[in-house]
Amino acid sequence: MAKYTNLLGEEVDTDEMKKARRKINPMVRAVGPGPEGMKCKHCRFLYAKEYARTYYKCEWRGDTNGPGTDHKINWPACSKFQKEEGNG
Ligand code: SF4
(Lines give C-alpha, C1' and ligand atoms only; values in the text may rest on other atoms or scores of the structure.)
Protein backbone atom coordinates (compact mmCIF):
# COMPACT_ATOMS: atom_id res chain seq x y z
CA MET A 1 0.00 0.00 0.00
CA ALA A 2 1.70 3.15 -1.17
CA LYS A 3 -0.91 5.72 -0.10
CA TYR A 4 -3.23 6.01 2.83
CA THR A 5 -5.02 8.68 4.81
CA ASN A 6 -3.83 9.13 8.37
CA LEU A 7 -5.97 9.98 11.41
CA LEU A 8 -5.50 13.70 10.71
CA GLY A 9 -7.03 13.25 7.26
CA GLU A 10 -3.69 13.80 5.52
CA GLU A 11 -2.76 11.68 2.55
CA VAL A 12 0.49 9.83 3.21
CA ASP A 13 2.51 8.38 0.36
CA THR A 14 4.86 5.74 1.78
CA ASP A 15 6.72 5.34 -1.54
CA GLU A 16 7.56 9.05 -1.51
CA MET A 17 8.64 8.77 2.13
CA LYS A 18 10.98 5.88 1.27
CA LYS A 19 12.46 7.89 -1.60
CA ALA A 20 12.96 10.91 0.66
CA ARG A 21 14.69 8.76 3.28
CA ARG A 22 17.13 7.37 0.71
CA LYS A 23 18.22 10.96 -0.05
CA ILE A 24 19.45 11.43 3.52
CA ASN A 25 22.72 9.95 4.78
CA PRO A 26 21.49 7.23 7.20
CA MET A 27 24.63 7.74 9.29
CA VAL A 28 23.67 11.37 9.90
CA ARG A 29 20.30 10.13 11.14
CA ALA A 30 22.02 7.54 13.37
CA VAL A 31 24.98 9.46 14.82
CA GLY A 32 24.40 13.10 13.90
CA PRO A 33 26.03 15.49 11.43
CA GLY A 34 29.76 15.90 10.85
CA PRO A 35 31.93 18.92 10.14
CA GLU A 36 30.29 21.68 8.11
CA GLY A 37 30.99 21.46 4.38
CA MET A 38 32.59 17.98 4.51
CA LYS A 39 31.17 15.17 2.41
CA CYS A 40 31.54 11.41 2.50
CA LYS A 41 33.94 11.60 -0.44
CA HIS A 42 36.42 13.37 1.87
CA CYS A 43 36.18 10.63 4.52
CA ARG A 44 38.55 7.70 5.06
CA PHE A 45 35.64 5.35 5.79
CA LEU A 46 34.22 5.60 2.25
CA TYR A 47 35.47 2.93 -0.15
CA ALA A 48 34.69 1.81 -3.67
CA LYS A 49 33.77 -1.63 -4.99
CA GLU A 50 34.51 -2.00 -8.68
CA TYR A 51 32.30 -4.27 -10.74
CA ALA A 52 30.56 -3.46 -14.04
CA ARG A 53 30.06 -0.15 -12.30
CA THR A 54 31.43 1.36 -9.11
CA TYR A 55 29.54 1.03 -5.84
CA TYR A 56 30.48 3.12 -2.84
CA LYS A 57 30.15 1.88 0.72
CA CYS A 58 30.72 3.34 4.17
CA GLU A 59 32.72 1.11 6.53
CA TRP A 60 30.44 2.05 9.42
CA ARG A 61 27.32 0.87 7.61
CA GLY A 62 28.66 -2.51 6.53
CA ASP A 63 27.95 -4.14 3.20
CA THR A 64 25.03 -6.43 2.34
CA ASN A 65 26.22 -6.68 -1.29
CA GLY A 66 22.98 -4.92 -2.16
CA PRO A 67 21.66 -1.43 -2.81
CA GLY A 68 20.55 -1.00 0.82
CA THR A 69 24.14 -0.23 1.84
CA ASP A 70 25.11 1.78 -1.26
CA HIS A 71 26.47 5.11 -0.16
CA LYS A 72 26.41 8.45 -1.96
CA ILE A 73 29.80 10.16 -2.13
CA ASN A 74 28.19 13.61 -1.97
CA TRP A 75 26.16 12.97 1.14
CA PRO A 76 27.04 15.41 3.95
CA ALA A 77 29.48 13.87 6.44
CA CYS A 78 28.33 12.31 9.71
CA SER A 79 29.90 12.68 13.15
CA LYS A 80 32.15 9.62 12.54
CA PHE A 81 33.88 11.56 9.76
CA GLN A 82 37.67 11.33 9.60
CA LYS A 83 39.48 13.17 6.87
CA GLU A 84 41.13 10.89 4.33
CA GLU A 85 44.93 11.13 4.39
CA GLY A 86 46.43 12.93 1.42
CA ASN A 87 43.08 14.34 0.39
CA GLY A 88 43.84 18.00 0.83
S1 SF4 B 1 31.32 10.72 6.89
FE2 SF4 B 1 32.49 8.83 6.72
S3 SF4 B 1 31.74 7.54 8.39
FE4 SF4 B 1 30.23 9.17 8.06
S5 SF4 B 1 28.75 8.30 6.64
FE6 SF4 B 1 30.27 9.40 5.42
S7 SF4 B 1 31.75 7.85 4.84
FE8 SF4 B 1 30.58 7.01 6.54
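Predicted model: local features only at pLDDT ≥ 70, side-chain atom pairs only at ≥ 80, totals over all residues.
Local features are given where pLDDT is at least 70 and side-chain atom pairs count only at pLDDT 80 or more, while totals for chains, interfaces and linings use all residues. Residues are numbered from 1 along each chain as its sequence is written.

**Figure 1. Overall view of the protein chain.** The protein chain contains two helices and four strands, arranged from the N terminus as β-β-α-α-β-β. Helices (H or I, at least four residues) and strands (E, at least two) are DSSP runs, numbered from the N terminus. The C-alpha trace spans about 55 × 35 × 15 Å along its principal axes. The radius of gyration of the protein chain is 16 Å, whereas a compact globule of 88 residues would have one near 12 Å; the radius is taken over C-alpha atoms, and the globule rule is 2.2 Å times the number of residues to the power 0.38. Buried residues make up 14% of the 88 in the chain. A residue is buried if 20 or more other C-beta atoms, placed from the backbone, lie within 10 Å of its own, exposed if 12 or fewer do, and partly exposed in between. Of the contacts with a separation of 6 or more, 61% are between residues 24 or more positions apart; two residues are in contact if their C-beta atoms, placed from the backbone, lie within 7 Å.

**Figure 2. The shell around the ligand.** The ligand is surrounded by 13 residues, of which the closest are Met 27, Cys 40, Cys 43, Cys 58 and Cys 78. The shell comprises ten nonpolar residues, two polar and one charged. In this division, Ala, Val, Leu, Ile, Met, Phe, Trp, Tyr, Cys and Pro count as nonpolar, Asp, Glu, Lys and Arg as charged, and the others, Gly among them, as polar.

Figure 3. In soluble globular proteins, nonpolar side chains tend to be buried together. Apart from neighbours within four places in sequence, Cys 78 contacts Asn 25, Met 27, Val 28, Val 31, Gly 32, Pro 33 and Gly 34.

**Figure 4. The hairpin of S3 and S4.** Strand S3 (residues 46-50) runs antiparallel to S4, and five bridges join the two. Strands are taken to pair if DSSP finds at least two bridges between them. The hairpin connects S3 to S4 through three residues. Within this pairing, Lys 49 has Tyr 55 of S4 as its bridge partner, and Ala 48 stands opposite Tyr 56 of S4.

Figure 5. Lys 23 counts as exposed because it has 8 C-beta neighbours inside 10 Å. Ile 24 is also exposed, with 12 such neighbours inside 10 Å. The C-alpha atoms of Lys 23 and Lys 72 are 8.8 Å apart, although 49 residues separate the two in sequence. Ile 24 and Pro 76, 52 residues apart in sequence, have C-alpha atoms 8.6 Å apart.

Figure 6. Not counting residues up to four places away in sequence, Lys 80 touches Met 27, Val 31, Phe 45 and Trp 60. Asn 65 lies in the segment after strand S4 (54-58) and is exposed, with 9 other C-beta atoms within 10 Å. Asn 65 has a positive phi of about 60° although it is not a glycine. Most residues other than glycine have a negative phi.

Definitions and conventions
Near = placed C-beta within 6 Å.
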